[in-house]
Amino acid sequence: MTRLTSGFWVSAYLTRLRLADIPAFVVRKGDVTAGAVLVKLNTLDGRAVCFQRSFDLMTGDRAWVVLTDGDEAEVDASIARQRRFDPDLWVIEVEDKAGRHLLDEPGLAS
């Protein structure tokens, strides 16, 4: 099975967000080919959620799961810890008061 590069996926994701009028930006650029991607959803009220892609070894399915959720400063600290462990990591920040991130939509969900 052919996989998209991280850079291509990030570009497509940012385009989908832009078309839905959801502000987003790359906080940290990771490895273009195979870097993992974290998506931070900032609801602009002092709270945030960080999503990471998870792989189910039993089924082979991939899904976005919550890595951390809570006060924005705590979420940022968690992301900083992840960045120290993985220098190839991408971090995308989505800003939406309604909490939209589109990760559950076709083409992005898995």
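**Figure 1. Helix α2 against the sheet.** In this predicted model, helix α2 lies across β1, β2, β3, β4 and β5 and runs at about 130° to β4. The helix comprises the 14 residues 72-85; at 1.5 Å a residue these should span 20 Å, and the end C-alpha atoms are 20 Å apart, which agrees. Val75, Ser78 and Ile79 are buried in α2. Seen down the helix axis, the buried residues of α2 fall within an arc of 100°, so they line one face of the helix. What covers these buried residues includes β2, β3 (47-55), β4 (62-71) and β5 (90-95). The face of α2 turned away from the buried side carries Ala73, Glu74 and Arg84, which are exposed.

Figure 2. The structure holds two aromatic pairs. One of them joins Trp9 and Tyr13, which are stacked with 4.9 Å from centre to centre and 20° between the planes. Both residues belong to α1 (residues 6-19), where they are four residues apart, about one turn of the helix. Tyr13 is buried, with a relative accessible area of 0%.

**Figure 3. The aromatic link between α1 and β4.** Trp9 has a relative accessibility of 7% and therefore counts as buried, the limit being under 20%. The rings of Trp9 and Trp64 have their centres 5.4 Å apart and their planes at 35°, so this pair is tilted. The pair links distant parts of the chain, with Trp9 in helix α1 and Trp64 in strand β4, 55 residues apart. Trp64, like Trp9, is buried. Trp9, Tyr13 and Trp64 together form one aromatic cluster.

**Figure 4. Strand order in the open sheet.** Five strands form an open sheet in the order β1-β5-β2-β3-β4, with mixed pairing. β1 (24-28) and β4 stand at the edges and each has a single partner strand, so one side of each is left without a neighbour in the sheet. On average, neighbouring strands of this sheet are turned by 25° against each other, direction ignored.

**Figure 5. Strand β5 and its two pairings.** Strands of a sheet pair through backbone hydrogen bonds, either parallel or antiparallel. β1 and β5 pair in the antiparallel sense over four bridges, and in this pairing Val26 stands opposite Ile92 of β5. The pairing of β2 and β5 is parallel and comprises six bridges. Here Leu38 stands opposite Val91 in β5, and Lys40 has Glu93 as its bridge partner in β5. β5 is mostly covered, with five of its six residues buried.

Figure 6. β2 and β3 run antiparallel and are joined by five bridges. Leu38 stands opposite Gln52 in β3, while Cys50 is the bridge partner of Lys40 in that strand. The hairpin of β2 and β3 has four residues between the strands, and Leu44 takes a positive phi near 60° in this hairpin.

**Figure 7. The two sides of strand β2.** In a regular strand the side chains alternate between the two faces of the sheet. In β2, Val37, Val39 and Leu41 point one way, whereas Leu38, Lys40 and Asn42 point the other way. Residues on both sides are buried, and β2 is mostly covered, with six of its six residues buried.

**Figure 8. The surroundings of Leu41.** Leu41 is found in strand β2 (residues 37-42). Its relative accessibility is 5%, and Leu41 counts as buried because this value is under 20%. Leaving aside neighbours within four places in sequence, Leu41 is in contact with Arg47, Ala48, Val49, Phe51, Val94, Asp96, Gly99, Arg100 and His101. The C-alpha atoms of Leu41 and Thr68 are separated by 11 Å, and the two residues are 27 residues apart along the chain.

How values were computed:
Residues are numbered from 1 along each chain as its sequence is written. This is a predicted model: local features need pLDDT of at least 70, side-chain atom pairs count only at pLDDT 80 or more; totals for chains, interfaces and linings use all residues. Side-chain values use heavy atoms; hydrogens and water are left out. Buried means under 20% relative accessible area, exposed over 50%, partly exposed in between (1.4 Å probe, protein chains only). Contact means heavy atoms within 4.5 Å. The expected span of a helix is 1.5 Å times one less than its number of residues. The arc is that of the directions from the helix axis to the C-beta atoms. Rings of Phe, Tyr and Trp (its six-membered ring) pair if their centres lie within 6.5 Å; planes under 30 degrees apart count as stacked, over 60 as edge-to-face and the rest as tilted. Two strands pair if DSSP finds at least two bridges between them. Axes are lines fitted to C-alpha atoms, for helices over the stretch in contact, and angles run from 0 to 180 degrees between N-to-C directions.
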